[in-house]
Amino acid sequence: VVAQVALSLALLVSAGLFLRTLRNIARADPGFDQNHVLTASVGLNISGYSNDQRRLIRDKILQRVEALPGVTVASLTDWIPLTLSRKTEDAYPEGYVPRPHESLEVGRADVSPRYFETLGIPILEGRDFTQNDNEKAPNVLIVDQTAANRYWPGQDPIGKRLSIWNNLFTVVGVVRNSHHVMINERPSPMVYMSYYQHPGPELIVQMKTVGNPADLSQPAERAIQEVDSRLPVYDVRTMRENTAIASTFVVMQSTFAGIF
């Protein structure tokens, strides 16, 4: 009886802690808007377009979705936060001396102009990307607060440079921290590259809406396919649906603790 009571007490305490963690996660601010954003993936890389055709199609897609009633702003990216996925690169800040065994791996995402406006992420210093930050322009990037404070503490990060892929990138902006993989993760450095400068195979359209983003799922899909009916459009979801997976493991832990 003593052993059973002791075990039950331990499980009750564990379940209580997990439930408190779950409640804190539900209330946590991920650093971006989850409630008024709709995302849609477009299979532009499997449609056999040339690079010039891809540029024109991307611009047309943005114009079509931004013209939808209820959409205030739209942008492009190759990555959605809090979906248990992360793209990383090794970044070497110019003049920075790393601590022993310090990793210089940073999170990375390719984003178009107005990406931060779409997700409600404030630009704290410098500027946003523009259409002119393309393949013909000098390499630029935007860093988050964690990267700025780690690599240039007490300094103005605007104009500083990082080496990625043996190419130098100049910092033109600093944005507020946000969560990348898990809602309860520790802050880690993040860099954002111009989507028009280094377009990858992934194309994700993000739309900020004034109402329920789910109501625009079908209109957004139709608007994209009006550009070209051959375009595969998939994973049309609200940001809240995309990020639900980030708390899946905590929910499972809490559930199992409660069952035991």
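The following legends describe an overview and several close-up views of a predicted protein model.

**Figure 1. Overview of the predicted model.** The protein contains seven helices and 12 strands. Its C-alpha trace spans about 75 × 50 × 30 Å along the principal axes. Of the 260 residues, 46% are buried. Among contacts between residues at least 6 apart in sequence, 79% join residues that are at least 24 apart.

**Figure 2. The largest pocket and its lining.** This pocket has a volume of about 220 Å³. Its lining comprises 14 residues, and those nearest the pocket centre are S41, I80, T83, I204 and D235. Two strands, β1 (37-42) and β12 (233-238), are the elements that give two or more residues to this lining. Sorted by class, the lining of the largest pocket consists of four nonpolar, five polar and five charged residues.

**Figure 3. The largest cavity.** The model has one cavity of 30 Å³ or more. The volume of the largest cavity is about 50 Å³. Its lining is formed by L44, N45, R54, R58, Y195, G200, P201, E202 and L203. By class, four of the lining residues are nonpolar, two are polar and three are charged.

Figure 4. The structure holds seven aromatic pairs.

Figure 5. Y195 and Y196 form an edge-to-face pair, with their ring centres 6.4 Å apart and 85 degrees between the planes. A separate panel shows Y96, Y151 and W152, which form one aromatic cluster.

Figure 6. E89 is found in strand β3 (residues 88-90). With a relative accessibility of 19%, E89 counts as buried, because the class covers values under 20%. The side chain of E89 takes part in a polar contact of 3.3 Å with the side chain of R108. A further polar contact, of 2.9 Å, joins the side chain of E89 to that of W165. When neighbours within four places in sequence are left aside, the residues in contact with E89 are L104, E105, V106, R108, I164 and W165.

**Figure 7. Two non-glycine residues with positive phi.** W165, a polar-contact partner of E89, has a positive phi of about 55 degrees although it is not a glycine. W165 lies in the loop between β8 (161-164) and β9 (167-175). Its relative accessibility of 38% places W165 among the partly exposed residues. L84 is not a glycine either, and has a positive phi of about 65 degrees. The position of L84 is in the loop between β2 (71-77) and β3, and E89 is found in that strand, β3. L84 is partly exposed, with a relative accessible area of 31%.

**Figure 8. The surroundings of T146.** T146 is placed in helix α4 (residues 145-151). At a relative accessible area of 13%, T146 is buried. Residues up to four places away in sequence not being counted, T146 touches N177, P187, S188 and P189. R222 is 76 residues away from T146 in sequence, and the two lie 39 Å apart in space, C-alpha to C-alpha.

How values were computed:
Residues numbered from 1 in each chain as written. Predicted model: local features only at pLDDT ≥ 70, side-chain atom pairs only at ≥ 80, totals over all residues. Heavy atoms only, no water. 1 Å grid on protein atoms, 1.4 Å probe; cavity = no way out; pocket = protein on both sides within 12 Å on 5 of 7 lines; lining within 4 Å. Points joined across faces, edges and corners; volume = space filled by probe spheres on them. Nonpolar A, V, L, I, M, F, W, Y, C, P; charged D, E, K, R; others polar. Helix = DSSP H or I, 4+ residues; strand = E, 2+ residues; numbered from the N terminus. Phe/Tyr/Trp six-rings, centres within 6.5 Å; stacked < 30°, edge-to-face > 60°. Buried < 20%, exposed > 50% of the residue type's maximum accessible area, 1.4 Å probe, protein only. Polar contact = N/O pair within 3.5 Å; in protein donor to acceptor, adjacent residues only side chain to side chain. Contact = heavy atoms within 4.5 Å.
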